[in-house]
Amino acid sequence: MYYCDTHGHLDLHQFDADRAAVIERAAAAGVRIIIVPAIDLGSCRRVLALADQHPNVYAAVGVHPNDCADFDDGTVGALRRLAQHPKVVAIGEIGLDYYWRKVPPGRQKQVLTAQLALAAELGLPAILHSRNAAPEDRACTTDLLSEIAQLGPMIRKQRPTGAIIGVWHAFSGDLTEAWRAYDLGLALGLGGPVTFQNARRLRALAPSLRRDRLLLETDAPYLAPHPHRGQRNEPAYVPLIAQALAGLYHMPVEEITVQTSTTALSCFGITREGANLGEVR
Ligand code: NI
């Protein structure tokens, strides 16, 4: 049995002092695959260097909605070149963020469209971010889903039949939004918040979510699970997330772990041999 952290920002400065130790601790905790999504071009290069150094680290290249003010055709060209690296398994982290609004929403949408088109061109899944302005305001999610409805079919055409076309990371929507996402071919990523006793809405919703479209993620260094809440998060904490979900689903943690890891491998096109998982039970 092994875990996958499908979303950990190990290139960020919070890990500068002990990055190698963090990756070692993850391996010791059974986290055999870590996908590190980039947030801008500089981040892409750092993430690829990490993937070169560490066999269990995989990369996603993309520009985050909060960092996309300077995005242009040249950025698309650079991402296209960076995506040729053999350990790039997705385009991400891309999406929309109406909470911080560091970039006007119309501009964010243009950038998202361009990056989804690149995902389609390259046959790669997308790692998606959506943050609404307020819990009761779903505009950001509505816009994200309509972008996926338009460009998702292009990605789907380039992917193996039935393949997941992307993951909606740090899912915080409702059941209607979850099913809309499933219909569009997305998986949902869940992390630290499922361990928060006061995350009542999410914890009540989780057991209704499709287990075959579920991915585990830390979003490290953010959103550390209980009992590390408020501290720096790291991939070694994925087992705490699996345990919390096992409790919510009333099923053995092994089952959740095996199923979510299998989904992660197929979503990101990672083979057991490629990831050197052959000898793992
Ligand atoms: Ni992220």
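Partly exposed, as used in these legends, means a relative accessible area that falls between buried, under 20%, and exposed, over 50%. Everything shown here comes from a predicted model.

**Close-up 1. Arg101, a non-glycine residue with a positive phi.** Here we're looking at the loop between strand E4 (88-97) and helix H4 (105-122), which is where Arg101 sits. The phi of Arg101 is positive, about 50°, even though the residue is not a glycine.

**Close-up 2. The ring pair of Tyr99 and Trp100.** Searching the whole structure turns up three aromatic pairs. In the pair of Tyr99 and Trp100, the ring centres are 5.1 Å apart and the planes meet at 85°, so this one is edge-to-face. Tyr99 has a relative accessible area of 40%, which makes it partly exposed. Trp100 is partly exposed too, with 48%.

**Close-up 3. Trp179 and Tyr182, a ring pair within helix H6.** Both residues belong to helix H6 (residues 175-183), and they are three residues apart, about one turn of the helix.

**Close-up 4. Arg156 and the residues it touches.** Arg156 is part of helix H5 (residues 139-158). Leaving aside residues up to four places away in sequence, Arg156 touches Ile165, Asp183, Leu184 and Gly185. Take Gly185: along the chain, Arg156 and Gly185 are 29 residues apart, yet their C-alpha atoms are separated by 7.9 Å. With 40% relative accessibility, Arg156 counts as partly exposed.

**Close-up 5. The loop between E8 and H8, with Asp219, Pro221 and Pro227.** Start with Asp219, which lies in the loop between E8 and H8. Asp219 has a positive phi of about 60°, although it is not a glycine. Its relative accessible area is 10%, so Asp219 is buried. Next comes Pro221, in the loop that runs between strand E8 (214-216) and H8. Which kind of peptide bond leads from Ala220 to Pro221? That bond is cis, with omega near 10°. Pro227 is found in the loop between E8 and H8 as well, and a cis peptide bond joins it to His226, with omega at about 5°.

**Close-up 6. Helices H8 and H9 where they cross.** At what angle do the axes of helix H8 (residues 238-249) and helix H9 (residues 253-268) cross? They cross at roughly 115° and come within 8 Å. Angles of 65 to 115 degrees count as roughly perpendicular, and H8 and H9 are therefore roughly perpendicular to each other. The crossing of H8 past H9 is right-handed. On the H8 side, the contact is made by Ala242, Gln243, Leu245, Ala246 and Tyr249; H9 brings in Val253, Ile256 and Thr257. Sorted by class, this contact of H8 with H9 has six nonpolar residues, two polar ones and no charged ones.

Terms used. Residues are numbered from 1 along each chain as its sequence is written. This is a predicted model: local features need pLDDT of at least 70, side-chain atom pairs count only at pLDDT 80 or more; totals for chains, interfaces and linings use all residues. Side-chain values use heavy atoms; hydrogens and water are left out. Axes are lines fitted to C-alpha atoms, for helices over the stretch in contact, and angles run from 0 to 180 degrees between N-to-C directions. Helices (H or I, at least four residues) and strands (E, at least two) are DSSP runs, numbered from the N terminus. Angles under 35 degrees count as roughly parallel, over 145 as roughly antiparallel, 65 to 115 as roughly perpendicular and the rest as oblique. A crossing is left-handed if the near helix is turned anticlockwise from the far one by less than a right angle, and right-handed if clockwise. Contact means heavy atoms within 4.5 Å. Ala, Val, Leu, Ile, Met, Phe, Trp, Tyr, Cys and Pro count as nonpolar, Asp, Glu, Lys and Arg as charged, and the others, Gly among them, as polar. Buried means under 20% relative accessible area, exposed over 50%, partly exposed in between (1.4 Å probe, protein chains only). Rings of Phe, Tyr and Trp (its six-membered ring) pair if their centres lie within 6.5 Å; planes under 30 degrees apart count as stacked, over 60 as edge-to-face and the rest as tilted.
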